[in-house]
Amino acid sequence: MQAIRLNNPGGLDKLEQVPLDPTPPGPGQIQVAVKASSLNFHDYAVVAGMIPTSDGRIPLSDGAGEVTGVGEGVTEFAVGDRVLSCFFPHWLDGSPAFEKLVGVPGDHADGFAATSVTMAAQGFTRMPQNLDFESAATLSCAGLTAWRALMVETHLKPGDWVLVQGSGGVSVFALQLARMMGCKVIATSSSDEKLERLGALGAHHLINYRSEPRWGERALAITGGRGVDLVVEVGGPGTVPQSVRALAFGGCISMIGVLTGYAGEVPTTELFQKNGAIKGITVGSRRHQLDMIAAVEANDLRPVIDSSYPLAQLADAFRHQESQRHFGKICISV
Ligand SMILES: NC(=O)c1ccc[n+]([C@@H]2O[C@H](COP(=O)([O-])OP(=O)(O)OC[C@H]3O[C@@H](n4cnc5c(N)ncnc54)[C@H](OP(=O)(O)O)[C@@H]3O)[C@@H](O)[C@H]2O)c1
């Protein structure tokens, strides 16, 4: 049994492999042989020390694996079941609330950079039947965030316009889901080569945000001046002004990411004139995850995997993420 532990104060050189004592499952818990995980920007922020942990941490919020032990009172899972972790183990259903958004694996508690974990059964769902462990492990943070932006918090219909920013995990899922529901998609990227790949995934219009910094104007022009119904906002303060410019009357910006920083200016007048909305998103609940899994199976949705690293090379995987050369998800095989 092995794990990768992050030592304080954080930094990619502070990850070390440590032996792990397997813990038998107590009441309400399951023991899971972890088979795969995937990297999110949030995981990078933890290991890079941008989100400090008081006592070091076993990182990674995503985990897919096989149940190896079941504690007293657990009826939903049996030994041998394939399970997928939940980002928020205490947000089972209903609206978000402060007390539900705690206990995030790999941040508030130890996560999935380990060969075995013992955790509350409610912090897992079944895995999609059509996916292997690595593909499934991409879903619980990036996939669910995109799912909630498109399927839960907005009232999109086929034919509506969606704008996705860049080619990271959340954005590629958002593109796939938007196409799955028959929306028209405008995709942006810093790279022409990645734009080609976004086009191959079904994006109808492509904009290089480096060579075209006023990409919001361009999106307006593409839609004949109408604007887009939803912007999946992963950039944050540096991109919001162009997102507001791209927005249709009554459109919505799903506020998700911090890739350009943590606070900034919003063109408020333009936003209210358009009767636009900004809706904050924090991943989703266990209920949302079960709904997403049903859709993944029904549509045989296949997550886009950029690359896969063994657990022992976790620091190299994070270096690859840091370079932003990836397209879609970086996986970890355990
Ligand atoms: N609120 C939530 O619940 C939630 C959940 C998941 C993620 N997030 C946040 O969402 C963001 C994306 O997460 P992720 O895991 O998908 O990250 P990721 O896979 O690391 O995405 C990185 C990609 O984002 C694109 N990018 C970087 N700067 C950009 C900019 N100024 N404009 C447009 N695209 C830009 C780049 O794509 P190109 O190379 O194609 O340009 C880059 O490769 C992060 O800030 C993360 O913290 C929030």
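In this predicted model, the largest nonpolar core holds 50 residues, and the ones that touch the most other members are L150, V162, V164, L198 and V232. Helix α3 gives the largest share, eight residues.

With that in mind, the packing around α3 is worth a look. Two packed helices are described by the angle between their axes and the distance between the axes. For α3 (residues 139-152) and α4 (residues 169-180), the axes come within 8 Å and cross at roughly 45°. Angles of 65 to 115 degrees would count as roughly perpendicular and those under 35 as roughly parallel, so α3 and α4 end up oblique to each other. Their crossing is right-handed. On the α3 side, the contact is made by L139, A142, G143, T145, A146, W147, L150 and M151, while α4 brings in G169, V170, F173, A174, L177, A178 and M180. Sorted by class, this contact has twelve nonpolar and three polar residues, with no charged ones.

The pairing of α3 with α9 looks like this: the axes sit 10 Å apart and the helices pack at an angle of about 90°. That makes α3 and α9 roughly perpendicular to each other. Here L139, S140, G143, L144, W147, R148 and V152 of α3 meet H288, Q289, D291, M292, A295 and V296 of α9. The class tally for this contact is seven nonpolar, four polar and two charged residues.

Back in α4, there is also Q176, which has its place in that helix. Its relative accessibility is 12%, so Q176 counts as buried, the cut-off for that being under 20%. Leaving out residues up to four places away in sequence, Q176 touches L301, R302, P303 and V304.

Turning to a loop, T260 lies between β12 (247-255) and α8 (268-273). With 44% relative accessibility, T260 counts as partly exposed. Apart from residues up to four places away in sequence, T260 touches G235, G236, P237, G238 and T239.

Note on methods: Residues are numbered from 1 along each chain as its sequence is written. This is a predicted model: local features need pLDDT of at least 70, side-chain atom pairs count only at pLDDT 80 or more; totals for chains, interfaces and linings use all residues. Side-chain values use heavy atoms; hydrogens and water are left out. Axes are lines fitted to C-alpha atoms, for helices over the stretch in contact, and angles run from 0 to 180 degrees between N-to-C directions. Helices (H or I, at least four residues) and strands (E, at least two) are DSSP runs, numbered from the N terminus. Angles under 35 degrees count as roughly parallel, over 145 as roughly antiparallel, 65 to 115 as roughly perpendicular and the rest as oblique. A crossing is left-handed if the near helix is turned anticlockwise from the far one by less than a right angle, and right-handed if clockwise. Contact means heavy atoms within 4.5 Å. Ala, Val, Leu, Ile, Met, Phe, Trp, Tyr, Cys and Pro count as nonpolar, Asp, Glu, Lys and Arg as charged, and the others, Gly among them, as polar. Buried means under 20% relative accessible area, exposed over 50%, partly exposed in between (1.4 Å probe, protein chains only). A nonpolar core is a set of buried Ala, Val, Leu, Ile, Met, Phe, Trp, Tyr and Cys residues joined through side-chain atoms within 4.5 Å.
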